Amino acid sequence: MAKESKNLTFDEFADELLAETQPRALVILASAKIDIQLRSLIEVFLLPKNRKAKEPDELLDGENPLATFSSRIKICHRAGLIDDLLSDARDKLRALRNQAAHWVSFGITDAPLKDQLKHLHVLMASRRSYKLTVLRFFGETLLSPPQQLQATLLTLAVLLESIRSKIESNARLQVSQPTAID
């Protein structure tokens with residue numbers, strides 16, 4: 001898959017997500033942003049690639065090992081960058097994204113999507129970040145089903161952005177260099 005040419009800022013992404021009301025589009029839009037965030041998280045965590053800046057990344061682009069949404073979720077979890085709940089939530093989102101892309105009917109009030117979205121919401125609703133997201137973007141706690149989905153998806157993105165920022169600031173403090181052994 002080709003790398004996206006223009007990456008939205010988090011606020012631009014939030015504006016687009018909040019402007020969208022169709023569940024299928026919400027899931028696809030959020031999945032695309034979260035996939036980009038996972039890639040960015042991995043890039044911040046790993047040493048820089050060996051190739052020139054304009055060349056594709058030997059791990060993260062094309063048909064390489066960390067080029068898929070699924071593999072990025074797994075490596076971020078295995079590296080300890082995201083916890084079990086975030087890994088489960090992102091994996092649930094990945095499955096929903098695949099359904100949104102391939103199913104003709106994508107009604108969030110019908111089973112099995114209703115149950116899957118409820119599970120995703122339950123994974124996020126107990127987190128402090130979810131409550132802060134609802135307060136910041138909705139100003140109320142009683143949300144309609146589409147707003148609940150928006151809040152859940154925004155929370156997933158907020159958490160990744162927070163993790164990336166934390167790792168990036170820690171990386172600046174301790175510049176990683178490969179261990180040299182003579």
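**Stop 1: two helices crossing**

Select α2 and α3: their crossing is left-handed, meaning that the near helix is turned anticlockwise from the far one by less than a right angle. Bear in mind that this is a predicted model, where local features need pLDDT of at least 70, side-chain atom pairs count only at pLDDT 80 or more, and totals for chains, interfaces and linings use all residues. Residues are numbered from 1 along each chain as its sequence is written, and side-chain values use heavy atoms, leaving out hydrogens and water.

Helix α2 covers residues 23-45 and α3 residues 69-78; they pack at about 45 degrees, axes 10 Å apart. Now show the side chains in contact (heavy atoms within 4.5 Å): among them are I34, L38 and R39 of α2 and F69, R72 and I73 of α3.

**Stop 2: along α2**

The term means a side-chain nitrogen of Lys or Arg within 4 Å of a carboxyl oxygen of Asp or Glu. Both residues lie in α2, four residues apart. R39 is buried at 8% relative accessible area, while E43 is partly exposed at 35%; buried is under 20%, exposed over 50%, partly exposed in between (1.4 Å probe, protein chains only).

**Stop 3: along α7**

Next, pick R164 and E168 in α7 (residues 145-173). Their salt bridge has its closest N and O atoms 2.9 Å apart. R164 is buried at 15%, and E168 is partly exposed at 28%.

Note on methods: Axes are lines fitted to C-alpha atoms, for helices over the stretch in contact, and angles run from 0 to 180 degrees between N-to-C directions.
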